[in-house]
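Please examine the following structure with the explanation below at hand.

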Amino acid sequence: MKNIFYLLLLACTFSCAGDKKSSVDSGYSQPGVLWYQKPLRILQTVMRQPDGENYNTDSLISYMEKAHANVLVVNGGGVVDFFQNTLPMANVNSYIGKRDLLDEIVTACHAHGIKVIARVDFRGVEKTRYELHPEWFGRDENGQPILLNYTTPVMYGPCYNSYYRNEHAVEFISTLLGKYHVDGIWHNAVNFHQTCYCERCMKKFFDFCGQKIPTHSSPESDWKEYYRWKALNAEEQLTLMRSTVKKFGEDKAYAAEVFNMYDVEQQRSTGIDLYSAAKFFDFLVTVSFIADNSADVDYKDLSYASGIVKFLKSLNPEKSPVILFGGNGTEHRYIYDAPIDLRQWLWEAAGAGGGFWNCYFNGPYPSATIDLRNAFLPADSYNYLQRNEQLLQSLEPVTDVMVFYSKLSAQMLGDEKFSSPIRGILRMLQDAHFQYGFITDFNFSRENLEKCRALILPNVVILTDDQTRIIREWVNNGGKLMATFETSLYDTLGQKKADFALSDLFGCHFSGEVANTETDCYQKIVTRNEILKGFEQTDLLHSGGMTLICKPGEGSTMVTGYLPKINNQPPENAYPESWDTQNPVIVANQAGKGQVIYFANQPDFLNLIIGHPDYHHLLTNAIISLLGNQKILESNAPASVHIYLNRNTKDHSMIQLSLVNISSGPDRPLRNLIPVRDLDITLPFASIKSCEAISDPKIDFSLNNRTLHIDRITEFCAFKIVTGE
């Protein structure tokens with residue numbers, strides 16, 4: 001479908017019944033803290049049917065103890081049942097015979113203090129089961145069953161309103177929780193991507209808006225209400241599933257499969273996203289493989305693991321963030337994933353305060369698969385979480401800047417156009433060792449904005465009237481703001497405005513013209529100030545991408561200006577008629593007590609896709625200028641050493657400082673790591689009572705006043721700092 005725009009839905013509320021306790025609480029005895037609120041060390045084994053034949057629970061427990069895992073996610077059922085299911089639509093694994101394998105696994109794990117989450121999957125059934133109750137499943141616009149052609153065999157899909165995903169799912173989950181005493185439910189494949197025309201959907205949609213469900217030939221405008229309605233259906237589904245789990249006790253956990261923060265087109269089409277996770281899940285887990293399942297393997301930014309942890313924390317800081325990775329990844333699942341990339345992926349997450357979920361698709365547990373090379377690769381990072389649980393349980397980033405994440409903008413722009421500016425900003429922040437966090441439109445408020453030393457709006461094309469008002473008031477009262485390109489230029493319906501909603505803050509006005517500056521274009525330096533530090537030997541700067549032609553506002557400072565394209569052939573004619581410029585590209589503006597720097601071009605996007613040094617230096621200088629040269633910490637570490645500073649929310653005197661080294665050759669996956677020596681980090685604390693190495697007690701370091709010196713880092717090091725503040 002084409003881009004459809006709609007306002008964010010109000011968070012729905014739900015009630016949780018019962019207070020039954022879990023079978024075993026070993027290792028989770030801290031008063032007032034439930035097991036899923038602690039740093040999680042999860043192993044998931046997605047068993048194939050033959051794995052059930054000779055399943056050995058003793059070997060499973062032995063592996064989990066050696067790997068320092070304390071939670072097991074294991075097949076419950078839905079597609080294939082790994083217990084003696086007597087419900088309608090049962091599909092008991094023929095390899096387990098009369099064994100009740102799930103009962104054996106739960107009993108063994110509980111005896112060793114290991115929690116068990118049952119994986120359920122209600123995405124569909126094969127033809128023989130479908131024919132038992134065809135009315136339980138979805139229909140396409142021609143009245144034919146909805147088929148999931150990506151599965152083998154082809155499965156018949158149920159919609160959010162179907163009997164199979166509702167009445168049947170409630171009975172199924174209740175059986176697992178009531179009879180088998182599992183500690184939680186993992187709702188696999190919760191998303192429903194298709195458009196359904198079953199009787200339930202047709203009636204519910206007509207009752208909702210008095211219209212028929214649009215078809216593939218319907219105009220774009222007809223789909224707006226449908227997607228809003230589908231999101232409501234998805235929330236009803238999640239509410240029902242969560243309430244079903246919570247009837248068996250608050251200590252029973254519910255979570256479901258949601259993909260990453262940049263898969264916005266999928267989120268729009270299914271109605272489920274990470275905002276849903278923040279509302280409905282007991283801990284915040286998102287799929288975070290280092291590469292996707294595709295023929296052309298594209299490795300994700302190594303900093304994504306830390307970025308998603310920070311993002312999850314911004315959605316709900318009270319819930320434990322978890323990255324779902326795979327020792328054998330998601331592509332070529334039988335062969336080990338790139339080991340150095342994977343280790344640094346885990347250390348990045350740990351450095352930001354995240355937990356782990358190791359998902360294996362090819363056997364009963366990682367040391368019983370065909371390729372054992374990564375079986376114990378996560379053990380060190382899992383052990384780190386186990387040894388430092390008290391410190392790591394509740395962390396928040398200590399921040400220089402906050403990055404605004406706008407779901408409305410995401411749904412308008414689509415995956416790449418939305419994600420690239422954010423990724424370009426995060427690349428700059430990581431390289432320059434700025435400490436950052438996220439603020440989102442999920443919980444955007446003046447109170448949360450007041451926590452920002454500086455706010456970045458990376459091409460946030462849509463701001464609501466309320467968000468615009470809050471930002472304007474905050475800046476005028478002393479806030480520091482940086483914004484790029486089309487920020488605030490569209491309304492909530494995706495219609496372009498005549499001018500920026502924040503034009504008074506930006507210090508310029510949109511002319512209505514957009515220039516293509518992809519090739520042979522430049523910015524002319526007009527006014528030299530802190531933003532241009534390091535550019536003393538040039539009058540021109542790189543210009544790429546697209547540039548908005550703007551008119552300067554009264555009282556603002558034009559730092560750089562737009563120059564029309566200078567054709568490069570023939571060289572004899574490669575010069576402009578005039579070097580003068582009237583249209584600002586970089587604008588510095590004083591707004592009330594606050595300070596604003598606006599870029600009319602795409603420095604964040606270009607910092608990612610082109611990487612010309614001008615963009616990194618301009619963005620870095622802009623942030624330093626806004627912060628008044630007062631960064632949280634200073635370091636001589638190269639850009640390839642990522643630094644994270646986190647504070648314990650329960651005891652602000654407890655600090656986690658982490659460093660992750662990704663210094664290597666230029667290619668991905670990483671072939672080796674190059675150790676980095678003689679690192680100095682100047683910390684922001686007036687008084688430091690103690691500094692303890694918590695990753696490796698043998699690491700050589702010293703603390704002189706507020707400067708921490710580290711002799712050598714190979715892959716990861718972390719410190720527990722106790723301040724006197």
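Which residue in strand 2 is the bridge partner of Gln44? The model in which this pairing is found is a predicted one. The partner of Gln44 is Val73, a residue of strand 2. Strand 1, residues 41-45, and strand 2, residues 71-77, are joined by 4 bridges, and these two strands run parallel.

An open sheet is formed by 8 strands, whose order is 7-6-3-2-1-10-9-8, and their pairing is parallel. At the edges of this sheet lie strand 7 (253-256) and strand 8 (284-287), each of which pairs on one side only. From one strand to the next, the twist averages 25°.

Attention may now turn to the helices. The axes of helix 14 and helix 19 (residues 613-626) come within 10 Å of each other and cross at roughly 70°. Angles from 65 to 115 degrees count as roughly perpendicular, and therefore helix 14 is described as roughly perpendicular to helix 19. On the side of helix 14, the contact is made by Ile425, Met428 and Asp431; helix 19 contributes His616, Leu619, Thr620 and Ile623. By class, the residues of this contact comprise 4 nonpolar, 2 polar and 1 charged.

Two or more lining residues come from each of helix 9 (304-315), helix 14 (415-431) and helix 18 (603-609). Which element gives the largest share of this lining? That element is helix 14, with 9 residues. The lining as a whole has 12 nonpolar, 11 polar and 12 charged residues.

Some details of the backbone complete this account. The peptide bond from Thr152 to Pro153 is cis, with omega near -5°; Pro153 is found in the loop between strand 4 (147-148) and strand 5 (155-156). A cis peptide bond also leads from Arg668 to Pro669, with omega near 0°, and Pro669 is placed in the loop between strand 25 (654-661) and strand 26 (676-682). Asn459, a residue other than glycine, has a positive phi, near 50°. The loop that holds Asn459 lies between strand 14 (455-457) and helix 16 (465-476).

Definitions and conventions. Residues numbered from 1 in each chain as written. Predicted model: local features only at pLDDT ≥ 70, side-chain atom pairs only at ≥ 80, totals over all residues. Heavy atoms only, no water. Nonpolar A, V, L, I, M, F, W, Y, C, P; charged D, E, K, R; others polar. Axes fitted to C-alpha atoms, helices over the stretch in contact; angles between N-to-C directions. Parallel < 35°, antiparallel > 145°, perpendicular 65-115°, else oblique. Contact = heavy atoms within 4.5 Å. Pairing = 2+ DSSP bridges.
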